[in-house]
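Welcome! Take a moment to look over the structure below, and then we can walk through a few of its features together.

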Amino acid sequence: MKRVGSYLLFISTLFSRMEAFNIYVKRTIDEAVKIGINSLTLVAIVSTFIGMVSTIQTAANMVSALIPKSVVSLVVRDMTILELAPTITSVVLAGKIGSNISGELGTMRISEQIDALEVMGINSASYLVVPKVIGAILMFPLLVIVAGFLSLYGGYLVGTLTNVVTGQEFVTGLRTEFQQYSVFMALVKSVVFAFLISTISAYQGYFTRGGALEVGQASTAAVTNSCIAVLIADYVVAQVLI
Amino acid sequence: MIHIENITKAFSGKTILDGISGVFEQGKTNLIIGASGTGKSVLLKCIVGLIRPDSGTVRYNDRDFTHGDKDLKTEIRREIGMLFQGVALFDSLNVENNVKFPLDILTDTPEDEKLDRVNFCLKRVGLEGSNRKMPSELSGGMQKRVGIARAIVNDINYLFCDEPNSGLDPQTSVLIDDLIKEITEELGTTTIVVTHDMNSVIGIGDHILFLYKGHKLWEGSNKNIIDTEVQELRDFLFANKLMKDGATF
């Protein structure tokens, strides 16, 4: 509980004594590029393969002749949009971005760079962390959209190439009883996950004490805690929005 | 001028600083000396506000820094330049941007004026033309000089140096010491240097405060430190056999 309280206090310091707005703009763009563009390849690979595997496995379980083949893509679509794209993408990003944020801030802490900012009269937490949080909140939804699209496209490719389902059947399934609200839910989840991953990782890194060993431990804790927070938040958001 | 009154600090029940008081005058190089683990860096961090003392007061020209509100602290901090033990240059920025950083964040100075100021400061520390180099490309002494340039790029009134000679060879140490002393006199700053380097003590110690196990045991200058009769200070000064023999002669 003490750590949760300390985390909440940390969040409150992010938005106090902020520097001029223009200082954050360039830093936020840099962070958005680092978080978004630099994660694109990883997200593309993970989501495409998840879509492919989901299609193959779903098709393998649809053995009844009474079930139309288009149901395969319907199931894959709902799994992808509601769960796989936002949650799995965020768990993967927690590993990449969470460790990066924590490692960067932890190193800055032990090399006195954060102290240097404080001595200059700068709110170091706000200056360093807010651009990362905003960058993550801006980029996660876009990454989730890309992940969802590529996952479905991967499913389409593998489904048609292996003759599990025809292209026409796959597209029919994608369109059947499509709920726009599912996309809204996925985007809400992505924003919540972005906030949690960036702030938890920043908290772990910002309060690192010691040396290189502790920076590594902070990165591990950042990834572990972010993943747990994402899974808990996934349940809470689902419960609230459905 | 900086006044510190009864600064006390303990960590996990262990007292690190016990009622330290002193006055650090403007235009002088004030040294805080003592063996490792005596609380020198903790005292410096209390003075600049990186650590909050358990009790006591730090005053910058009669402004109560310890108990002042956030606005006052920010105002005072913007008059402070600090050279850290590990220099604390920003890895992702080149020399020019490291030195320009305080101007970018804290002032509305036009870009060309900022660059003029950066070039002036780099020239002052003997690093003109190094603007595009990254911190990782610099030697330890050059990094220290960039750190000093960054510390003085704003119009500062207070300069703090934490172990400015750590990791440097004797010749470079003397260069850094001389630079600190010259800048102090040129800019009229109140300068506090934490060190255990004997060359610094003898060379630039206008005013010296000796800490021993969290207590202030002696205060004076480089002119009278050799004649001290405080045994702990003598043990510190003459720990080196050569110093001891030299003093005997």
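## A residue in chain B

A residue counts as buried when its relative accessible area is under 20%, as exposed when it is over 50%, and as partly exposed in between. Please keep in mind that this is a predicted model.

Is Ile226(B) buried, exposed or partly exposed? Its relative accessibility is 33%, so Ile226(B) counts as partly exposed. You can find Ile226(B) in the loop between strand E10 (215-220) and helix H8 (231-237) of chain B. Leaving aside residues up to four places away in sequence, Ile226(B) touches Ile202(B), Arg234(B) and Phe238(B). Gly22(B) is 204 residues away from Ile226(B) along the chain, and 21 Å separates their C-alpha atoms.

## Where the two chains meet

Now let us turn to the interface. Here 16 residues of chain A are in contact with 23 residues of chain B. Together the two chains bury about 1,700 Å² between them, with 62% of it on carbon and sulfur atoms. Of the area that chain A buries against chain B, 39% is supplied by Glu112(A), Val119(A) and Met120(A), more than by any other three residues.

## Bridges and polar contacts

How many salt bridges does the rule find across the interface of chain A and chain B? There are two. Arg78(B) forms a salt bridge with Glu19(A), where the closest N and O atoms are 3.3 Å apart. Four residue pairs are in polar contact between chain A and chain B.

On the side of chain A that touches chain B, helix H5 (residues 113-119) of chain A gives the largest share, six residues. That side of chain A divides into eight nonpolar, three polar and five charged residues.

Note on methods
Residues are numbered from 1 along each chain as its sequence is written. Chains are lettered from A and ligands numbered from 1 in the order in which they are written. This is a predicted model: local features need pLDDT of at least 70, side-chain atom pairs count only at pLDDT 80 or more; totals for chains, interfaces and linings use all residues. Side-chain values use heavy atoms; hydrogens and water are left out. Contact means heavy atoms within 4.5 Å. Buried area is the accessible area (1.4 Å probe) that two parts lose on being put together, summed over both. A salt bridge is a side-chain nitrogen of Lys or Arg within 4 Å of a carboxyl oxygen of Asp or Glu. A polar contact is a pair of N or O atoms within 3.5 Å; within protein, one must be able to donate a hydrogen and the other to accept it, and residues adjacent in sequence count only if both atoms are side-chain atoms. Helices (H or I, at least four residues) and strands (E, at least two) are DSSP runs, numbered from the N terminus. Ala, Val, Leu, Ile, Met, Phe, Trp, Tyr, Cys and Pro count as nonpolar, Asp, Glu, Lys and Arg as charged, and the others, Gly among them, as polar. Buried means under 20% relative accessible area, exposed over 50%, partly exposed in between (1.4 Å probe, protein chains only).
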